[in-house]
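Have the picture ready and follow along as we go.

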Amino acid sequence: MKSKSITIFYLSAILMLSSCSNNNDVVITEAISNDNIIESATEIYTEPNIECSDINTTTTTSLDIAVVTNESFIDYVPNIVEPLENCHYLFDNDELINKMDSASYIYYTLFLNVSPNSFENKGTIITSVSNGEWEFESQSEFIKTGISYDSFVDYLLDTFTEDYVFNTLLQRNTYIEVSGELCYYPYGDYIYNNCFDSISFDIIEQTNDLVTIKGIAKYVDIDDSNVTWENEFTYSLYYTNGWKLNNFNEWK
């Protein structure tokens with residue numbers, strides 16, 4: 001029994017010296033004894049990078065993992081939508097009128113005529129965009145806004161249906177998402193129809209789930225005010241947690 005005790009002490013001393021001398025892979029050999037049996041168990045492990053002074057008889061090690069998150073962006077706050085000029089509603093429903101005003105603002109101001117002054121400039125990013133309604137060069141410069149992309153999409157979904165937002169508006173590639181941030185391409189070159197004079201909207205069909213609005217736009221020739229004409233446009237609104245437009249037709 002004395003020789004067994006010496007063996008265990010000797011092996012323990014070797015292990016302590018090996019731990020202090022280097023950080024290489026080492027082999028641990030445990031001597032397990034009883035009156036008749038000595039068994040050896042061997043396992044390979046990588047020695048942690050510690051100083052000899054840090055060694056304790058009993059050690060509990062915890063690993064703190066730093067979670068890396070994307071930069072935080074502010075939520076999109078829309079401008080106050082003013083009533084449309086030269087626009088007349090022949091019905092009395094504030095919710096539907098507000099939806100039509102918001103849809104016009106989004107379509108004309110935020111998509112057809114978005115400019116470098118539409119958002120605060122947070123720098124630029126060069127990226128490639130394709131397969132949308134608008135085709136860009138292989139590398140295009142988008143303006144960073146510091147605004148959350150998801151919050152901007154939520155704003156669009158408050159006025160338009162999911163189908164129209166994702167399959168029509170966002171397919172124009174005016175806006176893209178870069179690591180959660182809203183970035184946009186400044187078109188700013190939309191030319192309004194200078195013959196447009198006015199438009200009147202009226203409800204032509206209404207159920208609990210669907211409202212169809214017809215717009216009749218009047219145009220006047222800029223060279224001869226005696227020459228006028230009219231165009232008709234229809235707009236469908238579906239009730240999905242509020243009235244949402246499923247299309248938008250340009251009338252100016």
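Q: What share of the contacts between residues at least 6 apart in sequence join residues at least 24 apart in this protein chain?
A: In this predicted model, 60% of those contacts join residues at least 24 apart. A contact here means heavy atoms within 4.5 Å.

Q: How many helices and strands does the protein chain have, and what makes a run count as one of them?
A: There are 4 helices and 11 strands. A DSSP helix run needs at least four residues, and a strand run at least two.

Q: What percentage of the residues is buried?
A: Buried residues make up 33% of the 252 residues in the chain. The chain exposes about 16400 Å², and carbon and sulfur atoms supply 47% of that area.

Q: Why is Ser198 called buried?
A: Its relative accessible area is 16%, and buried means under 20%. The value falls under the cut-off, so Ser198 is buried. You can find Ser198 in strand β8, residues 196–206.

Q: Which residues is Ser198 in contact with, leaving aside its neighbours within four places in sequence?
A: Those residues are Asn86, His88, Ile216, Ala217 and Lys218.

Q: What makes the link between the side chains of Ser198 and Asp197 a polar contact?
A: The distance is 3.3 Å, and the cut-off is a pair of N or O atoms within 3.5 Å.

Q: Why are β3 and β11 said to stand at the edges of their sheet?
A: This open sheet has 5 strands in the order β3-β8-β9-β10-β11, with mixed pairing. β3 (87–89) and β11 (243–245) each have a single partner strand, so one side of each has no neighbour in the sheet. Neighbouring strands here are turned by 30 degrees against each other on average, ignoring direction.

Q: How do you know that β9 and β10 pair?
A: Pairing needs at least two bridges, and 11 bridges join β9 (residues 210–220) to β10 (residues 228–239). So they count as paired, and they run antiparallel. One example is Lys214, whose bridge partner in β10 is Thr234.

Q: Which helix lies across β3, β8, β9, β10 and β11?
A: That is helix α2 (residues 94–112), running at about 30 degrees to β11.

Q: Why can we say that the buried residues of α4 line one face of the helix?
A: In α4 (residues 162–169), Tyr164, Val165 and Leu169 are buried. Seen down the helix axis, they fall within an arc of 100 degrees, so they line one face. The buried residues of α4 pack against α2, α3 (149–157) and β11.

Q: What makes β4 and β6 the edge strands of the other open sheet?
A: The order is β4-β5-β7-β6, with antiparallel pairing. β4 (124–127) and β6 each pair on one side only. Strands next to each other in this sheet are turned by 40 degrees on average, direction ignored.

Q: How do you know that β6 and β7 pair?
A: At least two bridges are required, and β6 (residues 175–178) and β7 (residues 181–184) have 4, so they pair, in the antiparallel sense. Val178, for instance, has Glu181 as its bridge partner in β7. Their hairpin has 2 residues between the strands, and Ser179 takes a positive phi near 55 degrees.

Technical notes. Residues are numbered from 1 along each chain as its sequence is written. This is a predicted model: local features need pLDDT of at least 70, side-chain atom pairs count only at pLDDT 80 or more; totals for chains, interfaces and linings use all residues. Side-chain values use heavy atoms; hydrogens and water are left out. Buried means under 20% relative accessible area, exposed over 50%, partly exposed in between (1.4 Å probe, protein chains only). Accessible areas come from the Shrake-Rupley method with a 1.4 Å probe; for residues, only the protein chains shown count as cover. A polar contact is a pair of N or O atoms within 3.5 Å; within protein, one must be able to donate a hydrogen and the other to accept it, and residues adjacent in sequence count only if both atoms are side-chain atoms. Axes are lines fitted to C-alpha atoms, for helices over the stretch in contact, and angles run from 0 to 180 degrees between N-to-C directions. The arc is that of the directions from the helix axis to the C-beta atoms.
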